Amino acid sequence: MPDSRKTAPSAADAEVAVARLTAMSADLRGCVILDSAGAALAASGPIDVWSEAGRGLLAAADAAAGEPVSHVHVGTEDGEAFAVRADGFALVAAAERFTLAGLLLFDIRAVLRDLARGPNAVPARTEAEAA
Amino acid sequence: MPAKPHRGLLDRVSGYADEASAYLRRRRLTRRPFARVHTPGGRSAACGPETDEGRELFLAASRVIDAARD
């Protein structure tokens, strides 16, 4: 039986994921989580603004790569933008300039993995710490 | 023959100037905008702002950064 949560998590689950990432990453300014169809599930700010901005970054990255990207990292003088696709979701984030990109990407992937696994799953970071 | 007394001062000032110019050069390099896309196959590519795709990517990233200000 397919796990329906992988395609349609509740907005509350996505909001928890956004809150978790905000708590985990000190350099994060804001983020949005999109489903595989590009619909915004939750955002740290106005969801319509974030939704449009997130979809725009993913579309621009796909066009630049010539195929759907797994992740993109753009650094500007005002800050840095990230987009990650994983486990059927996409997370687009804005962060401080000179943030530790590898660490933020790790946190984003962990949050998306937990979102895909459902609210009762043990968080990926907790599993890693226990190992 | 002993060095002229002002030589040490000049060397020190020149050293500070070299340090300052090296700092500015490093700062310019690290502050240069960049964009890198990664595909599921493991391929990655840098996109410069001089291409149409790169320019669109930087504009889209700016909108994301602006969204965080709202």
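Begin by selecting chain A of this predicted model and colouring its residues by burial: of the 131 residues in the chain, 45% are buried. With chain A still selected, switch to a cartoon view, in which 4 helices and 5 strands can be picked out.

Next, bring chain B into view and select the residues at the contact between the two chains, to which chain A gives 30 residues and chain B gives 25 residues. On the side of chain B that touches chain A, the elements that each supply at least two residues are β1, residues 34-38, and α2, residues 52-67. Colouring the side of chain B that touches chain A by residue class shows 15 nonpolar residues, together with 6 charged and 4 polar ones.

Finally, turn to the strands that meet across the contact, and select β3 of chain A, residues 71-75, along with β1(B); the two strands run antiparallel and are joined by 5 bridges. To see one position in this pairing, centre the view on A:Gly75, and look across to B:Phe34 in β1(B), which stands opposite.

Definitions and conventions: Residues are numbered from 1 along each chain as its sequence is written. Chains are lettered from A and ligands numbered from 1 in the order in which they are written. This is a predicted model: local features need pLDDT of at least 70, side-chain atom pairs count only at pLDDT 80 or more; totals for chains, interfaces and linings use all residues. Two residues are in contact if their C-beta atoms, placed from the backbone, lie within 7 Å. Ala, Val, Leu, Ile, Met, Phe, Trp, Tyr, Cys and Pro count as nonpolar, Asp, Glu, Lys and Arg as charged, and the others, Gly among them, as polar. Two strands pair if DSSP finds at least two bridges between them. A residue is buried if 20 or more other C-beta atoms lie within 10 Å of its own, exposed if 12 or fewer, and partly exposed in between; C-beta atoms are placed from the backbone.
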